[in-house]
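Please look over the sequence and the model shown here before reading on. The briefing that follows groups its points by topic.

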Amino acid sequence: MGVEKVQLDFLTDDTEEAKKNAEFFQYELQDNLPGLEINVEQVPFTVRVDRDQNKDYELELAGWGTDYRDPLTVMRIFMSSSDLGGVTYSNDEYDKLIQATRTSHAADVQARFDDFIKAQDILINQDAIIAPIYNRSLSTLVNPNVKDLYWHAYGPSYSLKWAYKE
């Protein structure tokens with residue numbers, strides 16, 4: 001006999017944006033999965049991060065900002081040996097693929113990219129460990145008279161050190 005009712009706590013920050021997102025997911029999950037009850041628990045950011053690190057949640061709405069422009073900056077979080085992001089996850093095949101991007105395939109762009117695609121499939125489609133909902137981006141308008149504005153590959157978005165107005 002199957003389970004007829006499941007109740008899960010959904011941990012989020014206490015911002016307006018997090019509240020709107022949580023309400024949307026609560027509605028969609030409950031509407032599409034009969035018998036599922038989602039209790040939204042909004043807490044201050046520092047409390048959520050502490051609970052995240054202590055793995056004190058059932059479902060969590062959280063974000064991760066990249067440190068550099070490479071899939072590894074996020075995908076390393078889900079390795080069995082990782083202590084980042086408050087995630088408890090272990091998959092030997094995933095670990096092998098991510099390790100290959102750092103070692104045997106580090107210099108082979110296509111093989112490395114293929115490893116990331118396979119690893120992403122494991123995370124999202126096979127094991128359903130993460131459900132990406134959006135990718136943060138920044139749009140910047142720059143006056144065409146501004147020259148030599150330097151765009152960084154990681155860290156701050158840009159530097160004005162060499163910039164000048166034509």
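Arg51 counts as buried, because its relative accessibility is 15%, where buried means under 20% relative accessible area, exposed over 50%, and partly exposed in between (1.4 Å probe, protein chains only). The model is predicted, so that local features need pLDDT of at least 70 and side-chain atom pairs count only at pLDDT 80 or more, while totals for chains, interfaces and linings use all residues. Residues are numbered from 1 along each chain as its sequence is written, and side-chain values use heavy atoms, with hydrogens and water left out.

- Arg51 is placed in helix H2 (residues 45-53), with helices (H or I, at least four residues) and strands (E, at least two) taken as DSSP runs numbered from the N terminus.
- Not counting residues up to four places away in sequence, Arg51 touches Leu11, Glu41, Val43, Asp56 and Tyr57, contact meaning heavy atoms within 4.5 Å.

**Salt bridges**

- The count of salt bridges comes to 6, each being a side-chain nitrogen of Lys or Arg within 4 Å of a carboxyl oxygen of Asp or Glu.
- Arg51 pairs with Glu41 in a salt bridge whose closest N and O atoms are 2.8 Å apart; because Arg51 lies in helix H2 and Glu41 in strand E2 (residues 36-43), the pair ties together parts that are 10 residues apart in sequence.
- Glu41 is partly exposed at 30% relative accessibility.
- Arg51 also meets Asp56 in a salt bridge (3.3 Å, N to O), and Asp56 is partly exposed with a relative accessible area of 41%.
- Glu166 and Lys147 form a salt bridge (4.0 Å, N to O), and since Glu166 lies in the segment after strand E7 (164-165) and Lys147 in strand E4 (residues 146-147), this pair ties together parts that are 19 residues apart in sequence.
- Glu166 is exposed, with a relative accessible area of 62%, whereas Lys147 is partly exposed, at 27%.

**Nonpolar cores**

- In the largest nonpolar core, which has 14 residues, the members that touch the most other members are Met75, Phe78, Tyr89, Tyr94, Ile98 and Ala119; such a core is a set of buried Ala, Val, Leu, Ile, Met, Phe, Trp, Tyr and Cys residues joined through side-chain atoms within 4.5 Å.
- The elements giving two or more residues to this core are helix H3 (72-75), H4 and helix H5 (109-126), and H5 supplies the largest share, 4 residues.
- Leaving aside neighbours within four places in sequence, Ile98 is in contact with Leu72, Met75, Met79, Phe116 and Ala119.
- A second, separate core of 5 residues includes Phe10, Ala22, Leu36 and Ile38.

**Aromatic pairs**

- The count of aromatic pairs comes to 4, with rings of Phe, Tyr and Trp (its six-membered ring) pairing if their centres lie within 6.5 Å, and planes under 30 degrees apart counting as stacked, over 60 as edge-to-face and the rest as tilted.
- The rings of Phe24 and Phe25 have centres 5.3 Å apart and planes at 75°, so this pair is edge-to-face; Phe24 is partly exposed at 46% relative accessibility, and Phe25 is partly exposed at 22%.
- The rings of Tyr89 and Tyr94 have centres 6.0 Å apart and planes at 75°, so this pair is edge-to-face; Tyr89 is buried at 10% relative accessibility, and Tyr94 is buried at 0%.
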